[in-house]
Amino acid sequence: MLRHLLNPMDLSVEETADLLALAGKMEANPSEYAHICDGKKLATLFYEPSTRTRLSFEAAMLNMGGSVLGFSSADSSSASKGESVADTIRVISSYADICAMRHPKEGAPLVAATHSLIPVINAGDGGHQHPTQTLTDLSTIYHLKGRLDSLTIGLCGDLKFGRTVHSLMTAMSRYANVRFVLISPPELKIPSYVRESVLERNNIPYTEVVSLEQALPQLDILYMTRVQRERFFNEEEYIRMKDSYILDRAKMALAPEDMFVLHPLPRVNEISVEVDSDPRAAYFRQARYGVYVRMALIATLLEVKVC
Ligand code: CP
């Protein structure tokens with residue numbers, strides 16, 4: 001059966017657990033999986049810039065013996081001549097076995113999935129969702145804390161446009177005793193559709209605060225995010241917002257010893273480089289886990305036989 005991953009909810013809790021377990025096995029014994037995708041091709045269709053997502057997808061496929069093809073910007077594809085996503089995916093369906101698509105417009109991967117003959121993975125659509133970042137985040141949290149339930153998670157920065165935040169909240173809403181502390185300036189608060197469809201519908205406890213210092217002592221995980229210049233219509237507004245939060249060594253002194261800092265990256269100023277040497281800084285480890293969850297996802301969607 002043709003399956004896509006457009007939203008973290010496309011995978012059940014059990015499927016997500018299986019996928020994280022497979023990612024763990026792939027990390028532990030990479031040579032056992034080095035040929036499971038021999039002869040398969042992954043297309044990376046990136047209409048928006050990326051370092052981690054595109055390259056970790058490509059590394060994932062190469063690690064399993066497959067091949068990769070694709071484009072890294074709309075400018076270098078026929079989108080620049082006006083080709084639609086629907087037409088592009090019809091064509092790519094005869095060139096590749098699976099594709100990962102990033103697009104600035106919310107819903108573009110859904111449109112692609114509607115017209116596709118191969119599995120479509122949403123690699124980030126505008127300010128909407130980023131489900132493979134979420135799998136990466138879940139894997140990281142599980143590695144660090146040994147559980148996905150009974151956690152207080154602080155989400156800090158651009159909660160309005162931050163697709164990684166929206167996807168992570170959506171996925172975490174299915175685990176017991178999870179509580180969110182939403183840390184943002186009033187202008188970048190979580191959108192009402194996420195508040196209603198994720199928090200209120202599932203009776204998830206949450207608080208909204210402006211002060212990072214106030215939130216830090218109560219957190220198990222701090223998820224920092226970048227204020228995204230590319231989502232603002234007004235440069236002045238971006239400049240006013242961009243340094244709303246800067247996590248530094250002094251602020252880390254307010255956090256519990258067993259709190260970990262995650263960030264989907266790229267970072268700009270929101271985490272000072274002096275925090276990188278703190279053992280609680282987990283964002284570079286997080287980026288590494290992204291390769292294994294994408295290996296597990298590709299193998300699962302391609303229905304490759306794995307042990
Ligand atoms: N986390 C993430 O999506 O990074 P890139 O934009 O570099 O892919």
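**Helices and sheet**

Mentor: Start with two helices: α3 and α4 cross in a right-handed way. Keep in mind that this is a predicted model.
Trainee: Which residues of α3 and α4 make the contact?
Mentor: From α3, V85, A86, I89 and R90. From α4, A108, V111, A112 and H115.
Trainee: How many of them are nonpolar, polar or charged?
Mentor: By class, the contact of α3 with α4 has six nonpolar residues, one polar and one charged.
Trainee: And at what angle do α3 and α4 pack?
Mentor: At about 50°, and their axes are 8 Å apart. Helix α3 covers residues 85-92, and α4 covers 108-115.
Trainee: What does that make α3 relative to α4?
Mentor: Oblique, because angles that are not roughly parallel, antiparallel or perpendicular count as oblique.
Trainee: New topic, the sheet. What is the strand order?
Mentor: The order is β7-β6-β5-β8-β9, in an open sheet of five strands with parallel pairing.
Trainee: Which are the edge strands?
Mentor: β7 (206-209) and β9 (260-262), each pairing on one side only. From one strand to the next, the twist averages 20°.
Trainee: How many bridges join β8 to β9?
Mentor: Three, and the two strands run parallel. Strand β8 spans residues 221-224.
Trainee: What is the bridge partner of Y223 in β9?
Mentor: L262.
Trainee: Which strands does helix α6 lie across?
Mentor: β5 (152-156), β6 (179-183) and β8. Helix α6, residues 163-172, runs at about 165° to β5.

Key:
Residues are numbered from 1 along each chain as its sequence is written. This is a predicted model: local features need pLDDT of at least 70, side-chain atom pairs count only at pLDDT 80 or more; totals for chains, interfaces and linings use all residues. Side-chain values use heavy atoms; hydrogens and water are left out. Two strands pair if DSSP finds at least two bridges between them. Helices (H or I, at least four residues) and strands (E, at least two) are DSSP runs, numbered from the N terminus. Axes are lines fitted to C-alpha atoms, for helices over the stretch in contact, and angles run from 0 to 180 degrees between N-to-C directions. Contact means heavy atoms within 4.5 Å. Angles under 35 degrees count as roughly parallel, over 145 as roughly antiparallel, 65 to 115 as roughly perpendicular and the rest as oblique. A crossing is left-handed if the near helix is turned anticlockwise from the far one by less than a right angle, and right-handed if clockwise. Ala, Val, Leu, Ile, Met, Phe, Trp, Tyr, Cys and Pro count as nonpolar, Asp, Glu, Lys and Arg as charged, and the others, Gly among them, as polar.
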